[in-house]
Amino acid sequence: MTDVYSSEKRSAVMRRVKGKDTSPELAVRKALTALGARYRLHRKDLPGRPDIVMPGRRLAVFVHGCFWHGHDCARGARVPKQNRDYWVGKVERNRARDDRSREALSALGWRVETIWECELKDAEALWKRLRTLLSSPAAGEVAQDALASRVDGGGQRPEVTSPIVGRASPIADISPVPGEDS
Ligand SMILES: [Zn+2]
């Protein structure tokens, strides 16, 4: 195979091909850690091997490079002039595979979120999005809420000031953050 790339370009391409610990993914992981989330990485036993997985929440997160995964944005539309057909085909296959992975994960009961590289430019927006993701209740917490409302049925409020967190799930995704009571 003819080498059409300079070594610099090739190593950049190889970094993307390798697909692990790319900087967009690291940025998302850092934000999640700062928000107190616990997660697993690259679960090979799940369809599409999601970049970040929060098992207790049944939440799978993909962090996608815009070019590589064919995002509908300026960066995603940029195709190298050289070997254009090759790149277009490659990106199309990636998109098709991403679709299949999302469907398969949904069928298994996972919530699937895709975070695009271009979304990382706005740190504030990313932060808000991740907070929203984490604020939706995990399955165990929903069950506890239902139980609490049954206990509350007599009209008298139980003297419970703080919610019970994480007992129903062996893996608590959120560790308690001092100063926050949710
Ligand atoms: Zn994009």
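**Figure 1. His42 in the loop between β1 and β2.** His42 is found in the loop that links β1 (40-41) to β2. Strands here are DSSP runs of E with at least two residues, helices are runs of H or I with at least four residues, and both are numbered from the N terminus. The model is predicted: local features need pLDDT of at least 70, side-chain atom pairs count only at pLDDT 80 or more, and totals for chains, interfaces and linings use all residues. Residue numbers start from 1 along each chain as its sequence is written. His42 has a phi near 45°, a positive value in a residue other than glycine. Most residues other than glycine have a negative phi. His42 counts as partly exposed because it has 14 C-beta neighbours inside 10 Å. A residue is buried if 20 or more other C-beta atoms lie within 10 Å of its own, exposed if 12 or fewer do, and partly exposed in between, with C-beta atoms placed from the backbone.

**Figure 2. Gly48 and Arg49 in the loop between β1 and β2.** Gly48 is found in the loop between β1 and β2, and Arg49 has its place in the loop between β1 and β2. Gly48 is partly exposed, with 18 other C-beta atoms within 10 Å. Arg49 is partly exposed, with 16 other C-beta atoms within 10 Å. Two residues are in contact if their C-beta atoms, placed from the backbone, lie within 7 Å. Not counting residues up to four places away in sequence, Arg49 touches His42, Arg43 and Lys44. Leaving aside neighbours within four places in sequence, Gly48 is in contact with Asp98, Ser101 and Leu105. Gly48 and Asp99 are 51 residues apart along the chain, and their C-alpha atoms are separated by 9.4 Å. For Arg49 and Val61, 12 residues apart along the chain, the C-alpha separation is 9.8 Å.

**Figure 3. The four-stranded sheet.** The order of strands in this open sheet is β1-β2-β3-β4, and the pairing is mixed. β1 and β4 (111-116) stand at the edges with a single partner strand each, so one side of each is left without a neighbour in the sheet. Two strands pair if DSSP finds at least two bridges between them. β1 and β2 run antiparallel and are joined by two bridges; in this part of the sheet, Leu41 stands opposite Ile52 in β2. β3 and β4 run parallel and are joined by six bridges, and the bridge partner of Phe62 in β4 is Thr114.

**Figure 4. The hairpin of β2 and β3.** β2 and β3 run antiparallel, with three bridges between them. Across this pair, Val53 stands opposite Ala60 in β3. The two strands, β2 and β3, form a hairpin with four residues between them. Arg58 lies in the loop between β2 and β3 and has a positive phi of about 50° although it is not a glycine. Arg58 is partly exposed, with 15 other C-beta atoms within 10 Å.

Figure 5. A nonpolar core is a set of buried Ala, Val, Leu, Ile, Met, Phe, Trp, Tyr and Cys residues joined through C-beta atoms within 7 Å. The largest such core has 14 residues, and those with the most contacts inside it are Tyr39, Ile52, Val53, Met54, Ala60, Val61 and Val63. β2 (52-54) and β3 (59-64) each supply at least two residues of this core. The largest share, five residues, comes from β3. Leaving aside neighbours within four places in sequence, Ile52 is in contact with Val28, Arg29, Leu32, Tyr39, Leu41 and Val61.

**Figure 6. Helix α5 and the chain around it.** Helix α5 (residues 123-135) has 13 residues and reaches 18 Å from its first C-alpha to its last, close to the 18 Å expected at 1.5 Å a residue. The expected span is 1.5 Å times one less than the number of residues in the helix. Of the 13 residues of α5, the number buried is zero, so the helix lies largely in the open. The protein chain has six helices and four strands, in the sequence pattern α-α-β-β-β-α-α-β-α-α. Of its 182 residues, 16% are buried. Among contacts between residues at least 6 apart in sequence, 61% join residues at least 24 apart.
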